[in-house]
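Please read them alongside the sequence and the coordinates.

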Amino acid sequence: MRISLPLLSTAVGLGLTAAVLGAPAATVAAPQAPAQGAHLGYEPKAGSGEDAAANRAFFEAVIKSVAKKRAVNPSASAAAAVTVYYSTAYAPSFRSQISRSAQIWNGSVSNVRLAESSSGADFAYYEGNDSRGSYASTNGHGSGYIFLDYRQNQQYNSTRVTAHETGHVLGLPDHYSGPCSELMSGGGPGTSCTNPYPNSNERSRVNQLWANGFKAALDKALQKTSQR
């Protein structure tokens, strides 16, 4: 079954190795490239204002989704760590890599954790073919998703792909000029870079975002709930 996604602005991405994944289990139709400003994801030339804006919009969509749920569930709001739920229903070929990237982030930060869910997910992974590569974006209706491109995924390490893309879920921007030890440097260090782990600065930034940034989002959600 082919699933069509709406017209979206691009963000960035990484690739998965076809030899590891084998033949795709399912294919989705990629969003059409914008008329202007389209850039290939996960490679240094993808760093543009449009990409950065799409990354921010994606992160905001995820954090608002989580805050809205916790606003109507006081017991969850009292929990120390925030849980973000994801779906792999439309990216079955990459499910093991997505799971591994979630494990990496869950072991790296303390203020937020990732968990798979079959319903009510805060964002979803999709797979298919797109000349822009892999990226994170929104569907224009407040929902975020990550798109994983097959062709590009033949070039880059599979686990680094999803760990990098998941970094956008948690609020990190791209920094292509960084070294291989920096996860959000993406394809900047080249195809030989296989590091799937965030460095200390990236870990610290995510913890900060999900402590202070999420509190602000939750306060807004609680305020809207009390006004109903």
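1. Strand β6 comes first. Gly144, Ile146 and Leu148 point one way from β6, while Tyr145, Phe147 and Asp149 point the other way. The residues on both sides are buried. In a regular strand, side chains alternate between the two faces of the sheet. Six of the six residues of β6 are buried, so the strand is largely enclosed by the rest of the structure. The model is a predicted one, which applies to every point below.

2. Which strands pair with β6, and in what sense? β4 runs parallel to β6, and six bridges join the two. Within this pairing, Glu127 stands opposite Leu148 of β6. β5 pairs with β6 in the antiparallel sense, over four bridges. Here Ser137 has Tyr145 in β6 as its bridge partner.

3. The loop between β5 and β6 contains Gly140. Gly140 is exposed, with a relative accessible area of 62%, whereas the six residues of β6 are buried. Gly140 and Phe58 are 82 residues apart in sequence, yet their C-alpha atoms are 10.0 Å apart in space.

4. Aromatic rings deserve a separate point. A search of the whole structure finds eleven aromatic pairs. One of them joins Tyr86 and Phe123, with 6.2 Å centre to centre and 40° between the planes, and is tilted. It links distant parts of the chain, since Tyr86 is in strand β2 (residues 82-90) and Phe123 is in strand β4 (residues 123-129), 37 residues apart. Tyr86 and Phe123 are both buried.

5. Tyr135 and Phe147 also form an aromatic pair, this one stacked, at 5.4 Å centre to centre and with 15° between the planes. This pair too links distant parts of the chain: Tyr135 belongs to strand β5 (residues 135-138) and Phe147 to strand β6 (residues 144-149), twelve residues apart. Are these two residues buried or exposed? Tyr135 is buried, with a relative accessible area of 0%, and for Phe147, also buried, the value is 0%. Ring pairs link Tyr135 and Phe147 with Tyr90, Tyr126 and Tyr145 into a cluster.

6. Strand β2 also holds Ser87. Ser87 has a relative accessible area of 13% and is buried. A polar atom of the Ser87 side chain lies 3.2 Å from the backbone nitrogen of Ala89. Leaving aside residues up to four places away in sequence, Ser87 touches Ser117, Ala121, Phe123, Ala124 and Tyr125. Phe123, one of these contacts, is the residue that forms the tilted pair with Tyr86.

7. Turning to the helix, α5 (residues 158-169) has twelve residues. From its first C-alpha to its last, α5 reaches 17 Å, close to the 16 Å expected at 1.5 Å a residue. How many of the residues of α5 are buried? Twelve of the twelve are, so α5 is largely enclosed by the rest of the structure. An α-helix has 3.6 residues a turn, so residues three or four places apart point the same way.

8. After the helix comes Gly171, whose phi is positive, near 105°.

9. The search for disulfides over the whole structure finds one. Cys180 and Cys193 form this disulfide, with their sulfur atoms 2.0 Å apart. The link is right-handed, with 90° about the S-S bond. Both cysteines lie in the loop between α5 and α6 (200-226), so the pair ties together parts that are 13 residues apart in sequence. Cys180 is partly exposed, with a relative accessible area of 26%, whereas Cys193 is buried, at 4%.

Notes: Residues numbered from 1 in each chain as written. Predicted model: local features only at pLDDT ≥ 70, side-chain atom pairs only at ≥ 80, totals over all residues. Heavy atoms only, no water. Expected span 1.5 Å × (residues − 1). Buried < 20%, exposed > 50% of the residue type's maximum accessible area, 1.4 Å probe, protein only. Disulfide = S-S within 2.5 Å. Phe/Tyr/Trp six-rings, centres within 6.5 Å; stacked < 30°, edge-to-face > 60°. Polar contact = N/O pair within 3.5 Å; in protein donor to acceptor, adjacent residues only side chain to side chain. Contact = heavy atoms within 4.5 Å. Pairing = 2+ DSSP bridges.
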